[in-house]
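User: Please go through the structure shown below with me. I will ask about the fold, the confidence, the core and a few side chains.

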Amino acid sequence: MRLVILRSNSFGEEKVGRLVALKTLPVVDPNLTDRLRREASVLAELQHPHIATVIDVGADERGTHVVMPFFPGGTVAHVLDRSGPLAPGAAASVLASVAEA
């Protein structure tokens with residue numbers, strides 16, 4: 001994934017008015033595009049508090065897009081860049097949440 005854009009989500013004519021993350025995979029390899037679509041399809045069927053749901057998947061001349069809920073805390077990579085390594089207790093908490101999912 002290359003780019004995350006925050007935008008107000010709309011589907012067709014209905015605007016739901018929430019902020020979403022739009023992740024875009026540029027058109028570079030059809031195999032990667034197919035893989036992303038399959039993974040998004042599987043992820044869309046999962047329901048768990050520790051798994052971000054897929055709201056929609058689409059494609060245009062710029063690439064394949066996955067629409068997911070926006071979480072204001074950022075990615076784990078962003079948190080680590082800002083704050084450095086997690087304390088052992090915080091790391092254990094994150095790992096427990098991931099393992100539960």
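The questions and answers below go from the whole chain to single residues.

User: What kind of model is this, and what limits apply to its values?

Analyst: Residues are numbered from 1 along each chain as its sequence is written, and side-chain values use heavy atoms, with hydrogens and water left out. Local features need pLDDT of at least 70 and side-chain atom pairs count only at pLDDT 80 or more, while totals for chains, interfaces and linings use all residues, since the model is predicted.

User: Which element has the lowest mean pLDDT?

Analyst: pLDDT is the predictor's confidence in each residue, from 0 to 100. The chain averages 78, and 83% of the residues score at least 70. Over residues 10-14 pLDDT stays under 50. Helix α3 (residues 88-100) has the highest mean among the elements, 89, and the lowest, 48, belongs to strand β1 (residues 3-11).

User: How many contacts beyond four places in sequence does the model have for residues 10-14?

Analyst: Contact means heavy atoms within 4.5 Å. For this stretch, where pLDDT stays under 50, the number of contacts beyond four places in sequence is three.

User: Which residues make up the largest nonpolar core?

Analyst: A nonpolar core is a set of buried Ala, Val, Leu, Ile, Met, Phe, Trp, Tyr and Cys residues joined through side-chain atoms within 4.5 Å. Buried means under 20% relative accessible area, exposed over 50%, and partly exposed in between (1.4 Å probe, protein chains only). The largest core has six residues: L25, L36, A40, V54, V66 and M68. At least two of this core's residues come from each of α1 (30-45) and β4 (63-69).

User: How many of the residues of β4 are buried?

Analyst: Across the chain, buried residues make up 18% of the 101 residues. In helix α2 (residues 76-83), which is hardly covered, the count of buried residues among eight is zero. β4 is mostly covered, and of its seven residues the number buried is six.

User: How many bridges join β3 to β4?

Analyst: Two strands pair if DSSP finds at least two bridges between them. β3 and β4 form a hairpin with two residues between them. In this pairing V57 stands opposite V66, and A59 has T64 as its bridge partner. Strand β3 (residues 56-60) runs antiparallel to β4, and the number of bridges is five.

User: Is T64 buried or exposed?

Analyst: T64 is placed in strand β4. Leaving out residues up to four places away in sequence, T64 touches K23, T24, L25, T33, L36, R37, V57, G58 and A59. With a relative accessibility of 3%, T64 counts as buried.

User: Which side chain does the side chain of T24 join in a polar contact?

Analyst: A polar contact is a pair of N or O atoms within 3.5 Å; within protein, one must be able to donate a hydrogen and the other to accept it, and residues adjacent in sequence count only if both atoms are side-chain atoms. T24 lies in strand β2 (residues 14-26) and is buried at a relative accessible area of 4%. At 2.9 Å, the partner of the T24 side chain is H65.

User: Why are R35 and E39 separated by about one helical turn, and how far apart are their closest N and O atoms?

Analyst: A salt bridge is a side-chain nitrogen of Lys or Arg within 4 Å of a carboxyl oxygen of Asp or Glu, and the structure holds one. R35 and E39 are about one helical turn apart because they lie four residues apart in helix α1. R35 is partly exposed at 46% relative accessibility, and E39 is partly exposed at 43%. The closest N and O atoms of R35 and E39 are separated by 2.8 Å.

User: How far apart in space are S41 and V54, C-alpha to C-alpha?

Analyst: S41 lies in helix α1 and is partly exposed at 40% relative accessibility. In sequence S41 and V54 are 13 residues apart, and in space their C-alpha atoms are separated by 7.9 Å.
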